[in-house]
Structures are given as structure tokens and as C-alpha cells.
Amino acid sequence: QVQPVESGGGLVQAGGSLRLSCTASERAFVTYNIGWFRQAPGKEREFLAVIRHDAGLTYYSEDMKGRFTVSRDTSANAVWLQMNSLKPDDTAVYYCAAKRGYYLGDYGNALAYDYWGQGTQVTVSS
């Protein structure tokens, strides 16, 4: 079991950047695939990006390619989401989630993840 914790959210102007982090105290965190999702008011939870446990593969939603980048540092027990060229439509609560497994099957399905953080608010102003 792991308990992911997100941080790094805040208020940013359109066109700016933010770097979110996802960490856990458990060493087993390095064995999990880590996905990033977001949820805006009145909207369903949306897949953004995922990174495999060994960082050997990453996948992004079509809309996030070129703007968002996911990476991880095993020694730091951390996963990051770099977000550039932010737009007001990016305003949402951002979540990281941990998924067991060697492969990245169903990585875009929120229900396939085993553990979730509590989220961090990102607000992008005009």
C-alpha cells in the first residue's frame, strides 16, 4: 500500500507554468505506475499522463502532448508533472494515482488505479 501526496498547485496567469509533484513515504512507491488526472467542477475526471514504474514508458492524452511532461526520480521517491503554456481551461483539481502492475494496461481509466492522492488545486487566470 502507498499513499500518494500531491503538491505544487496554485494560481498562475495564462501562458505560465507550474510543476506538480507526487510523493509517498513508502519505498514501494517506486514499484507503481503513476498517473495524473484532473477534474474540473461539473466535469468527469480526465486522464492527463502516466509514467511506468521504471520510467521506461510515458503516455499522454492527445490534448496534453507538447504542453505537459511527466517524469520521475526513484532516489527522491517522486513523480513530477511539468505544465507549460497553461490556459484558463486547465483550471481543475489535479490528482496523482498509483497503479499496480508491470504493464500499463488501462492507464487512461481512473477506475484501474489502486491509490489516490487528495488533489491539488490549479487555477489559471486570464
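Cysteine 96 counts as buried because its relative accessibility is 0%, and the cut-off for buried is under 20%. The model described here is a predicted one. Cysteine 22 likewise has 0% relative accessibility, so this residue counts as buried.

These two cysteines belong together. Cysteine 22 and cysteine 96 form a disulfide, with 2.1 Å between their sulfur atoms. Cysteine 22 sits in strand β3 and cysteine 96 in strand β9, which covers residues 92-99, so the link ties together parts that lie 74 residues apart in sequence. A disulfide is a covalent bond that joins the sulfur atoms of two cysteines. The angle about the S-S bond is 70°, and the link of cysteine 22 and cysteine 96 is right-handed. When the whole structure is searched, one disulfide is found.

Strand β3 spans residues 18-23 and pairs with strand β8, residues 78-83, in the antiparallel sense. Six bridges make up this pairing of β3 and β8. Across it, leucine 20 stands opposite leucine 81, which is in β8.

The pairing of β3 and β8 is part of an open sheet of four strands. Read across the sheet, the order is β1-β3-β8-β7, and the pairing is antiparallel. At the edges are β1 (5-7) and β7 (68-73), each of which pairs on one side only. From one strand to the next, the twist averages 20°.

Note on methods. Residues are numbered from 1 along each chain as its sequence is written. This is a predicted model: local features need pLDDT of at least 70, side-chain atom pairs count only at pLDDT 80 or more; totals for chains, interfaces and linings use all residues. Side-chain values use heavy atoms; hydrogens and water are left out. Two strands pair if DSSP finds at least two bridges between them. Helices (H or I, at least four residues) and strands (E, at least two) are DSSP runs, numbered from the N terminus. Axes are lines fitted to C-alpha atoms, for helices over the stretch in contact, and angles run from 0 to 180 degrees between N-to-C directions. A disulfide is a pair of cysteine sulfur atoms within 2.5 Å. Buried means under 20% relative accessible area, exposed over 50%, partly exposed in between (1.4 Å probe, protein chains only).
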